[in-house]
Amino acid sequence: MNFDLTEERQMLQDGLRRYLRENVTPEALNAATDSQTGHSEAVWEGLTEMGVIGALFSEDDGGFGGAGFDLSVVFEEMGRAGVFEPLLETGVLAGGLIAALGSDAQKEMIEEIIAGKVLSFAHGEPRARYDLNHVETKAEQTAEGWTLSGTKTVVGHAAIADAFVVSARTAGDAADEDGISLFLVPADAEGLSIRDYPMNGGGRAGEVTLDGVTVPADALIGEAGKAFPEIEKAAARATAAISAEALGLMETIRELTVGYLQQRKQFGKPIGKFQALQHRMADVLIEIEQARSAVINLAGHLDSPRAERERHVSATKNLIGRAGRLVAEESIQMHGGIGMTQEYALGHLAKRLTMVDHRFGDTDFHLERFIRLSAA
Amino acid sequence: MDLTYTDDQKAFRDEVRSFLAEKLPKRLSDKVAGGKRLTKEDYEEWHAILNEKGWLGVTWPKEHGGTGWDAVERHIFEEETTRAAAPRIVPFGLNMLGPVLMKFGSKEQQAHYLPRILNGDDWWCQGYSEPGAGSDLASVKTTAVREGDHYIVNGQKTWTTLGQYANMIFCLVRTSKDGKPQEGISFLLIDMDTPGVTVRPIVLIDGEAEVNEVWFEDVKVPAENLVGEENKGWTYAKYLLTHERTNIAGVGFATSALSNLKRIAGLEQSGGKPLIENPFFAAKMAQVEIDLMAMATTNLRTIAAAAAGNAPGAESSMLKIKGTVIRQEINALTRQAVGPYAMPFVSEALDEGANVSPVGPDYALPATQSYFNNRKLSIYGGSNEVQRQIISKAILEL
Ligand SMILES: Cc1cc2nc3c(=O)[nH]c(=O)nc-3n(C[C@H](O)[C@H](O)[C@H](O)COP(=O)(O)OP(=O)(O)OC[C@H]3O[C@@H](n4cnc5c(N)ncnc54)[C@H](O)[C@@H]3O)c2cc1C
């Protein structure tokens, strides 16, 4: 057993942490939240210059990492700083799917992605909730290529994406796993429109409407109708990434809260001297350590056979959801009124942590799924 | 034991119901039910309608223009108005200051202020908390120094709810540094239009600015605005807090929040079935409903005791803890129920008549907002930790 990071990953973590600490202030996060683009161009540039996006891809694909522990190292730091850059959308989801299924010509785009080009994965739909197999968007083959129609919802960073990887049904019924295909669609394609809006916890997303969008035949990524297994795998990697992000958020929240308990005085002493709060903070700490182990479990099983991998996906996401809620709620409570304010750093972090439960399946969704996968 | 209401009480409920059916503007109930932002004018409109009927001073005796209702009648009124999605009665003048003035205020203060509260001339806010005085309220530092027929007030209050709408604030101020901290506090009424008063909004995590910071810089306050005696303010403050904690259980709010949750869980689909049929979600919903059913009776038991003349003491602390935990759990389940649509935050859509459509179903945005906003329930009005201290001291004698 060895739970230490490799030397390379340790360097990546140290560098990232230093960079983010020096460049991301609560004011900068607020400015990014209020900005039209919903992220910080400066931080995005900084991350690309450090080559961080390359850490999300394997050497074969032009990166220098790509394993579960690379994802967890990178995203834990993103969470620690509370940033909301399009890393997941570009590097893990859209980029990951292109790396997994793309033709040689399509894969050439990965180099641009590593250099900072933003893509997003337009997959979720109004009636899908968290079901990855629920795709109603249709793609029909035409003489020139494909025509896509449907609505995709809560597509992360949609308005700043240069292109989308879009899932659409080329066969089967709404909930079939078979018959789902992926297409590379430029953001300026005719018939594609975006309603862009801010998100709780920072960043922006969009409702993407495809109204008879025509793309050439070579826009198809991989084989028609066979994309589901790779979508599930990409979602597993994304779950590992945001679980690590949640862990980073929890770490910063813990530091802030412990600091506050030491410093805030009521009744003539620091409130951290009240046993009622000491015990609860101790429970928070225990749950964060559990969360760390859960992240390690998933990161270490991303390349395992499907059944084993997916069991870990659901176990980790369920635990992260439970721990996340406890940490967010308890930290606000122990701060009192100040914890409720937008201005103080905790508010953003706690909100972002809470929202993790609304992505890629919540605690209940994964509890049910874990039971099902364990019985199989 | 008899869990049924008397015939008189049933008749009263019918009367409240038909009044609401006739007089509560649909525009207002639609806003409340839809989780939309209420304006100052909305509250004032509803207050005026109630006042016209003589039903605004719900906790007030008849001699001061109140309803003279007992605790059970008040409870029935609460239940019916929340069920009908009426705006809440803003408590600061009516439920907090009013009772204090009736008990400790001068005849002049009563004659001047009480009618103004009822007819909406004054909008009061509560200036208790300070940056350094939260749970430890007795450590307030804002000073009031007597100079002739005036007090000169200096200091800062914070978390002042709806202070942006208020023209009057009742404050705890320090008039003496001698003795125990509780002993040098006075209860002062301050006109917010006086030179030297500054109000700054604080934005909370739900994106709304319902609370404020209030600064006092050499603010001149007439001495006749002192309530009761100098340095005896702590007694009045504590009396007010027992009134602040009326309806603390929030059974009506919880009940309507629960039916909203059930409605949403019936509309949302999970794995091809309504979410309400999902065993994991259904179990959590059932659990909180079971808690609420018992809670409603715990509340009624306290109300019955109060109607029989027993002032509620530490029981209100039990109601506060259990009531807030239940409401927060319902809010959390509602947020969970809306799924990925809990994430978009289009706050303009909360304004009445906004030409911004919501993202996803119309119930999604208010669900997330209420969840974050109602984290306050366990913090304000004496945090749940402080309530536990009260219970362990006063009831358990630990
Ligand atoms: C939305 C909102 C609206 C409000 N409206 C008003 C208003 O209109 N007017 C007004 O005057 N005030 C108002 N308040 C202030 C409110 O009453 C205080 O926030 C509350 O009393 C807690 O004080 P604090 O925020 O300073 O927290 P602190 O007192 O600093 O408490 C921080 C944490 O320590 C815990 N703690 C403190 N003492 C103890 C102890 N002895 N044992 C165990 N734990 C302890 C608390 O429970 C809390 O978890 C409002 C607050 C909020 C959030």
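Me: To begin, how far is an oxygen atom of the ligand from a polar backbone atom of A:Q333?

Reply: Happy to! That separation is 2.7 Å, in what is a predicted model. On the chain B side, a nitrogen atom of the ligand is 2.8 Å from a polar backbone atom of B:Q126. Each of these pairs falls under the cut-off for a polar contact, N or O atoms within 3.5 Å. Protein covers 95% of the 970 Å² of accessible area that the ligand has on its own (Shrake-Rupley method, 1.4 Å probe).

Stepping back, the ligand lies between chains A and B. There are 28 residues around the ligand, each with a heavy atom within 4 Å of it. The nearest of them are B:S135, B:W159, B:T161, B:S383 and B:E385. By type, the shell splits into 12 nonpolar, 12 polar and four charged residues (Asp, Glu, Lys and Arg count as charged; Ala, Val, Leu, Ile, Met, Phe, Trp, Tyr, Cys and Pro as nonpolar; the others, Gly among them, as polar).

Now for the helices (DSSP runs of H or I, at least four residues, numbered from the N terminus). In chain A, α4 (residues 68-81) and α7 (residues 228-263) have axes that come within 6 Å and cross at roughly 40° (lines fitted to C-alpha atoms over the stretch in contact, with angles from 0 to 180 degrees between N-to-C directions). α4(A) and α7(A) are therefore oblique to each other (under 35 degrees is roughly parallel, over 145 roughly antiparallel, 65 to 115 roughly perpendicular, and the rest oblique). Their crossing is right-handed, with the near helix turned clockwise from the far one by less than a right angle.

α7(A) also packs against α5 of chain A (residues 87-101), at about 150° and with the axes 10 Å apart. That makes α5(A) roughly antiparallel to α7(A), and this crossing is right-handed as well.

Over in chain B, α2 (residues 26-33) and α3 (residues 40-53) cross at roughly 125°, their axes coming within 11 Å. That makes α2(B) oblique to α3(B), and the crossing is left-handed.

On conventions, residues are numbered from 1 along each chain as its sequence is written, while chains are lettered from A and ligands numbered from 1 in written order. Local features need pLDDT of at least 70 and side-chain atom pairs 80 or more, whereas totals for chains, interfaces and linings use all residues; side-chain values use heavy atoms, without hydrogens or water.

Methods. A polar contact is a pair of N or O atoms within 3.5 Å; within protein, one must be able to donate a hydrogen and the other to accept it, and residues adjacent in sequence count only if both atoms are side-chain atoms. Helices (H or I, at least four residues) and strands (E, at least two) are DSSP runs, numbered from the N terminus.
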